[in-house]
Amino acid sequence: MVVVVLLADFDVSWRVSTVAEIKTAFALELEQGQLVVLHVPQEMYPPYTGLKRNYNDLPERVSFRSKQNLDYSFLILYSASLGQYYLQIEDDVFSAKNFLSTIKRRVAEQEAKKTTWAMLEFSALGYIGKLYKSAQLPLLARFLFLFYQEMPCDWLMSRFRDLMTQKEPILFKPSLFQHMGTFSSFQGTYNKLKDKDFEEQYTNPPAEVYTDMSSYKKHFPKLAWDAGEDFFWGRSPEKGNHLTVVFRGPTLVTGIMVETGSGGKDLLESAQVEIGHDVITTEKDRSCKEFQTVGTFKNGLFEIQEMDKKYTSASSCLRIQITAAQKDWLIITKIRISTKLRTSTNQA
C-alpha cells in the first residue's frame with residue numbers, strides 16, 4: 001500500500017512547514033516509498049474563479065468545489081501507476097482497524113462474481129472510501145478535469161459510475177471510514193457529518209443467542225449479535241416469537257440499538273425490547289426468569305441510551321419480543337449494546 005498526500009494549498013509558508021513536519025514524522029516511510037507527498041503549482045490549474053453559478057451556489061462555493069475537483073483530478077492521475085487499485089479518502093477520517101483486509105476480501109468477491117463495477121464504496125459519505133481500478137484512473141482524472149466547474153465531486157463520481165455502466169451503487173456495511181472533522185475547509189463552516197454505519201472494531205459482550213423463529217438458510221440469530229455484515233433472516237414472525245440474548249455474566253447495560261430490514265423491506269413491524277434477570281435453562285434453550293420492558297420498535301428501529309439511570313442493576317438477558325404477527329419476513333441486521341463496569345460497595 002502506498003499513501004499519496006496532495007498538499008493542495010498554495011500558501012508557501014504553510015507548505016514548507018507541513019513538509020518539514022512530514023519529513024520528521026515519517027522519514028522511513030518516505031524513504032521506502034510507502035508515503036508520497038506532492039504539490040501541483042497554481043499555474044497548472046485552469047481558472048476556478050468567476051465561473052458560472054450552477055445550482056445558484058455562491059461564487060465562493062463554486063470556486064471551492066471547482067478547485068477541489070481539480071485537486072482530485074491531479075491526485076488521481078498521479079496515482080494511476082502506483083498500484084492495482086486506488087482508494088480515495090479525505091484527510092480527516094478515522095479508519096476501521098481491519099480496513100485493508102476487508103477491502104481485499106470485497107474486491108475478491110466482486111472479481112469472483114465477474115460483475116461490472118467501476119466504484120466500490122466503503123463509506124456512505126462524500127468522497128470517502130471510494131475504490132477504483134487503477135486502469136480506469138486516467139479516465140476518471142480527465143472526467144473530473146473536464147467537468148470541474150459543473151458540480152461537486154461526489155455528484156461527478158456518481159455520473160462517472162453510470163457512464164462506466166455500473167448501474168447501481170455497491171456500498172458495503174459496516175463502513176470502514178468515519179469522518180472526524182468538525183469544520184469544513186470551505187470558510188470554516190461547522191460540519192457534523194458522521195457515517196452511522198461505521199464500526200471501528202465493535203464487539204458485543206460474550207453471549208448466547210436463541211430464537212423460536214425459523215432461520216432462512218444460514219442466516220442464524222447469532223449473526224445479528226456478532227460484529228460484521230451478516231444478519232439474522234427469519235420467516236414471517238408470529239405474535240409471541242422472540243429472539244433472546246443470554247449474557248455469559250451479569251452485565252450493566254447502558255444502551256441498546258437494534259436495526260432491522262434491508263432496503264426498506266423485511267422490517268420488524270411490532271415488537272418490544274426487554275431486559276431480564278436470573279438465567280434459567282430448559283430442554284431447548286436458556287432464558288431469564290423475569291423480564292421488564294424498556295421500549296418498543298418504531299419504523300423497524302429501536303434505540304435507547306443512558307439506561308443505567310433508570311435500570312441500575314445488572315442484566316442477564318436481552319429479549320426482542322414480537323407483539324403482533326406480520327406477513328413479511330424479518331431481517332435483524334444488528335444488535336448493539338453499550339455497557340459499563342459495575343461498581344462495588346464492598347470493602348476489604
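**Salt bridges, sheet and cores**

Reply: Arginine 105 and glutamate 109 join their side chains in a salt bridge, 3.6 Å from N to O. A salt bridge here is a side-chain nitrogen of Lys or Arg within 4 Å of a carboxyl oxygen of Asp or Glu. This is a predicted model, in which local features need pLDDT of at least 70 and side-chain atom pairs count only at pLDDT 80 or more, while totals for chains, interfaces and linings use all residues. Residues are numbered from 1 along each chain as its sequence is written, and side-chain values use heavy atoms, with hydrogens and water left out.

Me: Where do arginine 105 and glutamate 109 lie?

Reply: Both are in helix H4, four residues apart, about one turn of the helix. Helices (H or I, at least four residues) and strands (E, at least two) are DSSP runs, numbered from the N terminus. Arg105, Arg106 and Glu109 are linked in a salt-bridge network.

Me: What about lysine 130 and glutamate 121?

Reply: Their side chains form a salt bridge too, 3.8 Å from N to O. Lysine 130 is buried, with 0% relative accessible area, and glutamate 121 counts as buried at 9%.

Me: Switching to the sheet. What is the strand order?

Reply: Four strands form an open sheet in the order E3-E6-E5-E7, with mixed pairing. Two strands pair if DSSP finds at least two bridges between them. The edge strands, each pairing on one side only, are E3 (85-88) and E7 (170-171).

Me: How many bridges join E5 to E7?

Reply: Two, and the strands run parallel. Glutamate 121 has leucine 171 in E7 as its bridge partner.

Me: Now the cores. How many residues has the largest nonpolar core?

Reply: It has 31, and Ile76, Tyr127, Tyr132 and Leu140 have the most contacts inside it. A nonpolar core is a set of buried Ala, Val, Leu, Ile, Met, Phe, Trp, Tyr and Cys residues joined through side-chain atoms within 4.5 Å. Helix H3 (59-79) is among the elements that give two or more residues to this core, and H3 gives the largest share, six residues.

Me: And what else is there? 

Reply: A second, separate core has 29 residues, including Ile275 and Tyr311.

Definitions and conventions. Buried < 20%, exposed > 50% of the residue type's maximum accessible area, 1.4 Å probe, protein only.
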